[in-house]
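Look at the sequence and the structure before reading the points.

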Amino acid sequence: MGRLSPHLIACPSRPFPIGRSPEDNTNLCFHQRLCQSNPLFPVAAFLKTHNRRSRIFFFTASVLGGVMLGVTATKLLQKVKRLLVPLLHRHRMALLTAPAVFAALLLFWAVLGSTDADVAPLYKDPAQPVEARVADLLGRMTLAEKVGQMTQIERLVSTPDVLRDNFIGSLLSGGGSVPRKGATPQEWQAMVDGFQKACMSTRLGIPMIYGIDAVHGHNNVYGATIFPHNVGLGATRDPYLVRRIGAATALEVRATGIQYAFAPCIAVCRDPRWGRCYESYSEDRRIVQSMTELIPGLQGEVPKDFKSGMPYVAGKNKVAACAKHFVGDGGTVNGINENNTIINQEGLMNIHMPAYLNAMKLGVSTVMISYSSWNGKKMHENGDLINGYLKGTLNFKGFVISDWEGIDRITNPAGSDYSYSVKASINAGLDMIMVPNNYKSFISLLTGHVNSGAIPMSRIDDAVTRILRVKFTMGLFENPYSDPSMADYLGKKEHRYLAREAVRKSLVLLKNGGKTSDKPLLPLPKKATKILVAGSHADNLGYQCGGWTIEWQGDTGRTTVGTTILDAVKAAVDPSTAVVFAENPDADLVKNGGFSYAIVVVGEHPYTETKGDNLNLTIPEPGLNTVQAVCSGAPCATVLISGRPVVVQPLLAASDALVAAWLPGSEGQGVTDALFGDYGFSGKLPRTWFKSVDQLPMNYGDAHYDPLFPLGYGLTTNATKAY
C-alpha cells in the first residue's frame, strides 16, 4: 500500500483528510470523528501503512524516546523487560507483524504511564528545598484547593466530608471548644488525627494545621500546666524563664496533637481599663520586646544564618507561634476593646511596633491582625501596614491570619457587607481567615472575587505560598499526625515546677509592715499555733487562673488540676500549725479566734476581652469587706489576684502586707514560697499603679506622671527558713 499523506489517518472504513483547523472537519462522519479523537489511531495508521523495517525502527525509537522522556530510566527498562520477555516467547517472529508491534507499543506506553505514577512529586520529597517544594505544589493546585488552604474553621463545624470537599487548610479550637469536658490527651490526639486523615485523603494530600489559644500554657486542656498570665511574667523581668515556659508549652500542646499556638500576645497595654491588659507583658515596649523570647521557646532557636522575616519551627516537638495582635491593640481610646488607637505614625512605630521587629528576627511563623483600628482605619483592611510595612519593610514571609470573625467586623454592624469584608481583607494582605463557622459563604465569595478579577490570582498565590511555606518548614508533610508517646508531657511534673518558679518570681510586694508597726510582717513563720486563711480567691483555682482557662471567659472552682493558695498554705506550714479556712468571716470571729496571723486572698473575677473592660477598676465585693474584717482582728497579709492594677488604697490601709500576685495560674505554691520565706520577693511592677482612674491613661514618661507606685516598683525580702 502506498504511503498516506501526512494529513491523513487510516480509518477502518476509509481514509479521510484531517483538516488543520476544527472548521475543516465539520462534515466528517461519526466514525471518522471517533477515529480523529482517538490518540492511538495515528499509531495504527503508521503501522498499517509502513513496511516491517520501518515498524521495527518505529518500535525502537519509541522505546528510546520513552527512556529519554522518563525520569527513572532504569526502572522503566526493568519493567519493559519483565513484561516483554513472556511476549517474545509467545510470539517469536510474529512479534514484528503489525498487530504484535501495536500490542507491544500499547504495553510499553502502559508501563510508561505507571512509571509516572510511581515517581513521587517533588513537593513530597523532604530533601528538596522548601521554596522548591512550595512552588511545585502551588503549581499543581486548583483555585478551589488554594481557597481551601486560606480557610480556617472551628472544630465544631468540621467533619471529614467538610474538610475533604472544601480542601480546608486549618482548624482551630476556640476558647472552651474541646472533644469533651475533661478530655484526655489521647482523646485530643484522636480528634486531631481524625481531622488530619480527612485532609490527607484529598488529591494532593496537604495536611491541615490545627491552632489553639495556648496563651498561658495549654490553657484550654484539662490537666495542663497553667502558667501565670503575661502581666505576671512581665513582672519577673526574666526572658530566659519565658523561653523555658514557651518550650514547656510547646510540648504540652504537641501532647494533644496540636501544632499551632496563638501566642505570644505582644500588645503594649497603655490603659489598664482594657479587658485584655493581662495578656500584655507591660506598658513599656522594651519589656514586651524582651519577652518575645517566648517565640524560640515555642518554635526553637533559629540557626545562625537565619534571615529575618522567614518562618522557623525546629521540628515535631515544637509548634508554630503567632505574634498578635498587629498592631496597636493595646492603645485604644479609654482601653475599650477592639476600639480605635489614635496615635501618630511615630508613636505607633516607637511604642507598638518594636516587638514585631524582634518577632521577625526570632522567626515567628504567623502574625494575627488586631480587631482594633488605627486612626479610624480597621486593621483587618489596612493594606499599608500589612502588605506595605509587615510584608514589605519587615520582610515577613510567614502567613498573616485574621482574628476570630475579624474580617466580619470591618463593617458596622459586623457582617453587614461580608462580600466587601472578604475582598478588602484579602487584598490588604491577609492570608488565612479565621472564619470560623460561616465557611461556605467565605469560600463562595472569595472564589467569586477571584473569578471576577476583584482579587488578583497573584494575591491568592502569595497567600497560599506563605501558608505552604510554614507547613513545609515545620515538617508537617513528613509528620502530619500526633505522636502518642508525647501524651505524658501534659501537666508534667517538671512543667509544674517551672510554673511555680514563674509564680514566685512574678509576685510584687507593695507593702510590708507599717499598719501598727514598722516591723515587716513577711516572711511569715511556718510554725504558729493557729492561722486563718480567708477570701473568695483563697481556695478557687478558676479565679486564681483567670480568663482563657478551660473556658474562654474562665470559670470558678476546681476547673482543672492544680494547687490553690489554701492548698499551698497547708502544705507549707509546720504540721503542728492549725490552719482554719473561712471564705468571708465576720470581724468578731477573727478577733476572738486566737489567730497568730491571717492570709486573705481577694481580687477580680475571671474575664476575657470585652467582658473585662472596666472603667472603675475596683475589685468586686465582698473582697474589701473581707480584708477589713480580717485585718481588723489579726495581723494580715493580703494577696491580690488581678490582671492589672486596681483601686488599692483601701487594701493598703487595712493590710500589714500587700502582695500583687496577678493571675498566677495552677501552681499556688509559688505564692507561699515567697510568703513563708523559702524564696525572697523579687518581682517589679510591669506597669504603673495609678492613684485614681481619673489619671488614666498614665504611663511612664508621661508629662502628668504621678503614680501611687511607679513602673518597676517592688519591695524585696531575703530568703530565709521562717520557723
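Contact means that heavy atoms lie within 4.5 Å of each other. Helices (H or I, at least four residues) and strands (E, at least two) are DSSP runs, numbered from the N terminus. This is a predicted model, in which local features need pLDDT of at least 70 and side-chain atom pairs count only at pLDDT 80 or more, while totals for chains, interfaces and linings use all residues. Residues are numbered from 1 along each chain as its sequence is written, and side-chain values use heavy atoms, with hydrogens and water left out.

**Helix H17**

- Helix H17 covers residues 418-428, and its buried residues are Tyr418, Ser421, Val422, Ala424, Ser425, Ile426 and Ala428.
- Buried means under 20% relative accessible area, exposed means over 50%, and partly exposed is in between (1.4 Å probe, protein chains only).
- The buried residues of H17 pack against helix H16 (383-393), strand S13 (433-434), helix H18 (439-452) and helix H19 (457-473).
- Glycine 429 follows H17 and has a positive phi, near 120°.

- Strand S14 (residues 508-512) is mostly covered, with 5 of its 5 residues buried.
- Two strands pair if DSSP finds at least two bridges between them.
- S14 and strand S19 (residues 657-662) run antiparallel and are joined by 4 bridges.
- Lysine 511 has leucine 658 as its bridge partner in S19.

- A disulfide is a covalent bond between the sulfur atoms of two cysteines.
- Here a disulfide is counted when a pair of cysteine sulfur atoms lies within 2.5 Å.
- The structure holds 2 disulfides.
- One of them joins cysteine 269 to cysteine 277, with an S to S distance of 2.1 Å.
- The torsion about the S-S bond of cysteine 269 and cysteine 277 is about -105°, so this disulfide is left-handed.
- Both cysteine 269 and cysteine 277 are buried.
- Cysteine 631 and cysteine 636 also form a disulfide, with their sulfur atoms 1.8 Å apart.
- The link of cysteine 631 and cysteine 636 is right-handed, with 105° about the S-S bond.
- Cysteine 631 counts as buried because its relative accessibility is 4%, and cysteine 636 counts as buried because its relative accessibility is 0%.
- When the bonded cysteines of the protein are numbered in sequence order, the pairing is 1-2, 3-4.
- Cysteine 265 is in no disulfide, and the nearest cysteine sulfur, that of cysteine 269, is 9.3 Å away.
- With 4% relative accessibility, cysteine 265 counts as buried.
- Cysteine 322 is in no disulfide either, and the nearest cysteine sulfur, that of cysteine 265, is 9.8 Å away.
- Cysteine 322 is buried, with a relative accessible area of 0%.

**Cavities**

- On a 1 Å grid over the protein atoms alone, a cavity is a set of points where a 1.4 Å probe fits but cannot get out, and lining residues have an atom within 4 Å of a point.
- Grid points are joined across faces, edges and corners, and a volume is the space filled by probe spheres set on the points.
- The structure holds 4 cavities of 30 Å³ or more.
- The largest cavity has a volume of about 100 Å³.
- Its lining has 16 residues, of which Ala214, Val215, His216, Asn230 and Leu294 lie nearest the centre of the largest cavity.
- The second largest cavity has a volume of about 80 Å³.
- Residues lining the second largest cavity include Glu145, Phe167, Cys199 and Ile206.

Key: On a 1 Å grid over the protein atoms alone, a cavity is a set of points where a 1.4 Å probe fits but cannot get out, and a pocket is an open set with protein on both sides within 12 Å along at least five of seven lines; lining residues have an atom within 4 Å of a point.
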